[in-house]
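Trainee: Please take a close look at the charged side chains that pair up in this chain. I would like to know which ones meet and where they sit.

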Amino acid sequence: MSPKTFIFGICLSVLTACSQEEVPDLSAEPATAVFGISTRGSNTTVQPDATTQQVRLYVGEHKPEHLNDKNHLHLRQAYDLETGASFHLDNLPPRRYKLAFICVPANLQGIFSEEKPGENSCDFNQQLIDYGTVLTAQQNPDYATGGHLYRKVINRWLKSGETLTEDVTLNRLNGQLIIDMGIPEDQFEHKVTEIEVIIEQTPTLIRIADNDKDELIMSAPTNKAFTYTSVPEWGVRKPHRIILNLLPSELKGKIVVTTGSNLKTYSLQGVYGGGTVLIKQNTRTTLEFNGLHKDCFTVKYAGFENSQIGVDDDEWDGWQEQ
């Protein structure tokens with residue numbers, strides 16, 4: 001099946017440089033790379049929605065002066081990419097490069113971060129995505145941008161005078177939690193005025209690097225809890241679902257249901273026969289509320305077809321109440 005391709009141009013360049021600069025080889029002819037960001041789908045050429053997605057390209061290079069430091073990969077430059085023109089990397093010294101294409105929700109300040117925020121490190125391996133900004137944004141019930149994180153990291157040798165042309169497919173890194181409370185009137189004796197989902201012990205930081213094997217390198221789960229509040233409709237017999245995007249991890253936390261002056265609390269740990277519930281990469285984890293008995297949730301996992309960047313549907317947009 002033909003890919004549909006997103007073509008990006010440069011909106012902003014962010015230059016970082018180490019204090020020790022190499023002496024250029026003037027006898028070497030520079031190389032060029034041309035990239036398109038693509039997803040499997042129809043043969044239609046489209047552009048991404050700049051109001052909901054932001055794409056950044058990190059260019060790491062193996063500079064001669066850093067070859068003795070295996071833990072350091074020089075960050076040559078980071079580019080924010082925008083629609084409108086094909087994207088070219090010009091005048092590249094011939095050598096080996098690592099390129100990380102990252103797509104995040106738009107308009108979240110601080111989502112692009114580093115191991116020591118504000119340091120402007122020139123080390124590719126110190127660059128992070130702060131997914132805590134997404135977790136916080138989802139606390140607003142009106143948040144509609146989604147919380148999807150996509151990445152593709154490639155390694156390429158560029159030879160003198162070579163032009164590399166390539167399409168790159170980004171893969172979704174986050175998973176999704178769906179809490180299906182069913183029809184509230186059938187589940188609870190008294191009117192439900194509020195439902196709180198409290199997510200505990202979830203990772204918030206993920207490195208752009210992948211150890212050359214598409215690995216997710218995340219921080220240890222944070223001690224901070226994230227609370228998501230919704231108010232189900234009552235008297236209309238309408239199913240109530242809460243949908244959250246999370247990084248892969250073991251699910252921990254609780255659900256607090258307010259009925260009048262009473263609070264009912266349901267643990268998210270071991271909700272299915274005492275077993276572990278997981279948030280998995282590019283997978284929906286669904287908890288179906290079965291009512292007021294011992295094993296009150298049924299757990300289901302489901303993957304996605306056409307799950308690369310740009311393939312979207314109405315059920316994969318982050319927080320929703322239906």
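**Salt bridges in the chain**

Mentor: The structure holds 10 salt bridges, each being a side-chain nitrogen of Lys or Arg within 4 Å of a carboxyl oxygen of Asp or Glu. This is a predicted model, in which local features need pLDDT of at least 70 and side-chain atom pairs count only at pLDDT 80 or more, while totals for chains, interfaces and linings use all residues. Residues are numbered from 1 along each chain as its sequence is written, and side-chain values use heavy atoms, with hydrogens and water left out. As a general point, side chains of opposite charge can pair when their charged atoms come close.

Start with R56 and D80, whose side chains meet with N and O 2.6 Å apart. Strands (E, at least two residues) and helices (H or I, at least four) are DSSP runs, numbered from the N terminus. R56 is buried, at 13% relative accessible area, and D80 is buried at 11%. Buried means under 20%, exposed over 50%, and partly exposed in between, with a 1.4 Å probe and protein chains only. The charged end of R56 also sits over the ring of F112, 3.9 Å from its centre; this requires CZ of Arg, or NZ of Lys, within 6 Å of the ring centre and within 35 degrees of the ring normal.

Next come D186 and R237, with their closest N and O atoms 2.8 Å apart. D186 lies in helix 2 (residues 184-187) and R237 in the loop between strand 16 (226-230) and strand 17 (241-246), so parts 51 residues apart in sequence are tied together. Both ends are partly exposed: D186 has a relative accessibility of 49% and R237 one of 48%.

E288 and K300 form another salt bridge, at 3.2 Å from N to O. Here strand 22 supplies E288 and strand 23 (residues 297-302) supplies K300, so the pair joins parts 12 residues apart in sequence. E288 is partly exposed at 25%, as is K300 at 41%. Strand 22 covers residues 284-289 and also holds T286, which is buried at 16%. K300 is among the residues in contact with T286, where contact means heavy atoms within 4.5 Å.

Finally, a network of salt bridges links E61, R76 and R95.

Notes:
Lists of a residue's contacts leave out its neighbours within four places in sequence.
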